[in-house]
Amino acid sequence: MYFSLMFISISYKNSCSMTVGSGRIKDSRASWIFLAITGCVMGYTAGPFDSFGILVVVFVDHFHETNTKIGWVGSLMASLACYSYPVAVSLQHRFGFRAMAITSAIFVTFSYLTTPLVPSANYLFLTYCIPQGLGVGFMDCLSLTILPEFFDKYIGLATGIRLASVATGSMICNYLFPILIESLGWKNTFYCFSSVGAALLFHAFSYGTKPTIPTDREVIFAKESDVMAVSDVSQPTTKRPGFLQDRGFQLIVIGCVPFFFSVGVPLMFMVQYAKSLGYPLSQCKWLAVVRALASLFGRLTVGLIGDFISRRKLITHIASIVVTIFGLASGLCSLTQHLPLIILYMAVVGFLEGMFWVILPLMMYELTGGINADYAFSLVTLLTATGYLTGPSSMGKVFDDTGDFRNVLYIICVCSLLAGVIMALGIYVRSKCSDESEPRLIKPNTCFPKILKLKSPNIGQQEIIPEFEKRPIAQYETAV
């Protein structure tokens with residue numbers, strides 16, 4: 001849902017007017033203040049969540065458990081966070097953002113206060129996995145869905161800042177966790193991070209801030225019924241979304257599945273792998289720190305070039321290249337056990353991973369033409385959750401059984417290369433289909449350079465259509 005709103009906002013970002021929803025004026029100073037609060041709180045909340053690679057080492061040593069069981073804790077937590085997205089949106093519509101933020105604060109605080117008290121790793125599923133997955137998942141989703149309430153013209157920039165805040169928090173937490181654990185112990189460290197709940201409460205009550213009206217922009221108040229009327233026109237008449245019948249879309253999404261299976265494995269087990277090679281945790285932590293820093297740069301890079309590659313319809317091509325390079329880097333990492341080279345590998349995969357998560361919603365918009373893009377992204381989110389659920393847990397089992405993480409890297413390499421090949425095949429199929437269904441356009445009249453003439457065989461005459469309407473109408477005729 002959020003991404004469809006985001007794309008609508010970006011499409012009209014050059015408009016001189018501004019729509020106001022629910023009495024909230026957008027793009028004001030108070031909007032940026034709220035974004036700053038959101039970024040700081042989400043960095044503090046999701047940073048420890050994204051530092052589970054450090055906790056794998058801690059939990060394996062403390063509870064004397066296998067990588068498989070601890071891997072299951074991380075897999076279930078990450079997948080539960082993804083599965084919670086549609087639940088979070090539904091509950092927000094019913095109870096509001098503030099109530100959901102308070103609920104998340106309760107979940108996260110409960111997790112940090114009770115986990116140090118458990119006698120065995122089996123209780124981690126109840127005290128750490130479920131509360132962290134739901135609490136962080138709710139806020140990770142809703143802190144994005146509320147941004148269109150505060151931003152219109154700068155919604156893309158605001159989204160990039162919000163996503164970058166999590167990567168920054170992850171980098172800081174991956175650096176500080178080993179230091180705090182060594183000096184305070186992991187139990188006292190968890191008690192300290194229970195203050196995340198207080199930060200979420202502050203975020204919840206800062207939501208009521210109302211921005212002020214900018215003086216240099218025209219304000220247009222839109223009724224919800226008007227918005228829904230426009231939305232209904234653009235929706236397909238069939239009950240099943242049309243993109244599900246697109247063979248190219250099917251192949252590209254199927255190609256993403258092996259990558260979703262692989263992408264969470266380095267994050268969760270590379271620190272443990274380096275420690276198994278004899279390196280101390282004080283050095284192994286740099287694997288997680290560098291990966292988070294590279295992910296931040298990857299997200300910022302796509303944020304800067306996102307509009308450029310979207311206009312040229314290169315999103316799916318870049319996604320296929322990113323997935324392929326991810327696999328090649330994993331295969332090359334299996335050839336070395338030298339820590340600096342492993343750190344270089346984590347920098348590469350972190351950069352690629354950061355790029356991919358920003359590319360993913362843009363790719364769904366490109367594949368669907370903006371129609372039902374929110375449904376497409378919801379489908380991919382569920383596949384991402386399934387990949388997180390099965391990938392790290394099964395690869396932890398391989399790591400335990402073989403005692404050699406290079407076998408895991410081989411599997412990651414094969415899965416990612418397979419994903420790249422299938423996605424490339426989907427791109428080829430879509431290009432062939434688009435050539436066959438290209439709408440017939442007549443050369444514009446030289447007297448009116450900003451007017452496009454679209455010939456419709458059903459009407460039998462030429463219709464003169466303004467420039468700003470030509471793209472959606474052309475897409476509609478192609479779909480019909």
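Let's start at the surface: His64 is exposed, with a relative accessible area of 69%. You will find His64 in the loop between helix H3 (52–63) and helix H4 (67–95). Its backbone deserves a look too, for His64 has a positive phi of about 55° although it is not a glycine. As background, most residues other than glycine have a negative phi. A second case turns up at Lys313, where phi is near 55° in a residue other than glycine. Lys313 belongs to the loop between helix H13 (281–311) and helix H14 (315–333), and with a relative accessible area of 47% it counts as partly exposed.

Before going further inside, a word on confidence. This is a predicted model, and the protein averages a pLDDT of 78, with 77% of the residues scoring at least 70. Residues 1–22 stay under 50, and the model gives them 52 contacts beyond four places in sequence. Over residues 209–238 the pLDDT is also below 50, and that stretch has 43 contacts beyond near neighbours in sequence. Where pLDDT is low, the predicted coordinates should not be read in detail, so please treat the contacts of such stretches with care.

In soluble globular proteins, nonpolar side chains tend to be buried together.

Phe59 leads us back to where we began. Leaving aside residues up to four places away in sequence, Phe59 touches His64, along with Phe52, Ile70, Leu124, Trp186 and Phe190. Phe59 is also part of an aromatic cluster, whose members include Phe52, Trp186 and Phe190 as well as Tyr44, Phe63 and Tyr112.

Take Phe34 and Phe150: their ring centres are 4.3 Å apart and their planes are at 10°, so the pair is stacked. This pair links distant parts of the chain, since Phe34 is in helix H2 (residues 29–49) and Phe150 is in helix H7 (residues 147–150), 116 residues apart. Both Phe34 and Phe150 are buried.

How values were computed: Residues numbered from 1 in each chain as written. Predicted model: local features only at pLDDT ≥ 70, side-chain atom pairs only at ≥ 80, totals over all residues. Heavy atoms only, no water. Contact = heavy atoms within 4.5 Å. pLDDT = per-residue confidence, 0-100. Phe/Tyr/Trp six-rings, centres within 6.5 Å; stacked < 30°, edge-to-face > 60°. Helix = DSSP H or I, 4+ residues; strand = E, 2+ residues; numbered from the N terminus. Buried < 20%, exposed > 50% of the residue type's maximum accessible area, 1.4 Å probe, protein only.
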